[in-house]
Amino acid sequence: MRIRDMSEPVSSGLAGVGLVKIAGFLFGATFASIVVMAMTQPKSTREWVVALICTVIASICGGAFVVQWFELHRWAEVWEGSVALAGLHFVCGLPAWVFVRAWFVYAEKRQTMSLTDMIRELREALRG
């Protein structure tokens, strides 16, 4: 085997680190989805798909927002920090299904109302 045929160890190592970080974020999002759907069973396949999408997106995007807001980028430099970031992404995904489920229940009870009336009702309720 010639030396030129071998892969460069530095680039291979960096690729492995990148894959570990991506996997950590996806594990956080996946486990958040599993937990929320196990705790509140979706009533239909449509609700299951919406729950999955909303939880994963909220987990990934919400976690990224928190990392940016609190400037936690340095955590990604070490294994323990990557694990902590995966946990952060997990926690950020948990509220998503609660909000989606609440919207389903609210909208289902007001099927005869127009969207404008629903918005007006929400504004009045939030003003207190």
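Student: Leaving aside its neighbours within four places in sequence, which residues is Arg 101 in contact with?
Tutor: Arg 101 touches Thr 40, Gln 41, Pro 42, Lys 43 and Glu 47. Keep in mind that this is a predicted model.

Student: Where is Arg 101 found, and how far is its C-alpha atom from that of Pro 42?
Tutor: Arg 101 is part of helix 3.

Student: What is the confidence like across the protein?
Tutor: The mean pLDDT is 79, and 76% of the residues reach 70 or more. Helix 1 (residues 9-39) has the lowest confidence, with a mean of 63, and helix 4 (residues 115-127) has the highest, at 91.

Student: Why is helix 2 called oblique to helix 3?
Tutor: Their axes cross at roughly 135° and come within 7 Å. Roughly perpendicular stops at 115 degrees and roughly antiparallel needs over 145, so helix 2 counts as oblique to helix 3. The crossing is right-handed.

Student: What makes up the contact of helix 2 with helix 3, by residue class?
Tutor: There are 16 nonpolar, six polar and two charged residues in it.

Student: And what angle do helix 3 and helix 4 make?
Tutor: Helix 3 (residues 79-109) and helix 4 pack at about 120°, with axes 11 Å apart. That angle falls between 115 and 145 degrees, so helix 3 is oblique to helix 4. This crossing is right-handed too.

Student: Which residues meet there?
Tutor: From helix 3 come Trp 103, Tyr 106 and Ala 107, and from helix 4 come Met 118, Glu 121 and Leu 122. By class, that contact has five nonpolar, no polar and one charged residues.

Student: How many aromatic pairs are there?
Tutor: The count comes to two. One of them is Trp 103 with Tyr 106.

Student: Why is the pair of Trp 103 and Tyr 106 called tilted?
Tutor: The ring centres are 5.6 Å apart, and the cut-off for a pair is 6.5 Å. The planes are 35° apart; stacked needs under 30 degrees and edge-to-face over 60, so tilted is the word. Both residues lie in helix 3, three residues apart, about one turn of the helix.

Key
Residues numbered from 1 in each chain as written. Predicted model: local features only at pLDDT ≥ 70, side-chain atom pairs only at ≥ 80, totals over all residues. Heavy atoms only, no water. pLDDT = per-residue confidence, 0-100. Helix = DSSP H or I, 4+ residues; strand = E, 2+ residues; numbered from the N terminus. Axes fitted to C-alpha atoms, helices over the stretch in contact; angles between N-to-C directions. Parallel < 35°, antiparallel > 145°, perpendicular 65-115°, else oblique. Left-handed = near helix turned anticlockwise from the far one by under 90°. Contact = heavy atoms within 4.5 Å. Nonpolar A, V, L, I, M, F, W, Y, C, P; charged D, E, K, R; others polar. Phe/Tyr/Trp six-rings, centres within 6.5 Å; stacked < 30°, edge-to-face > 60°.
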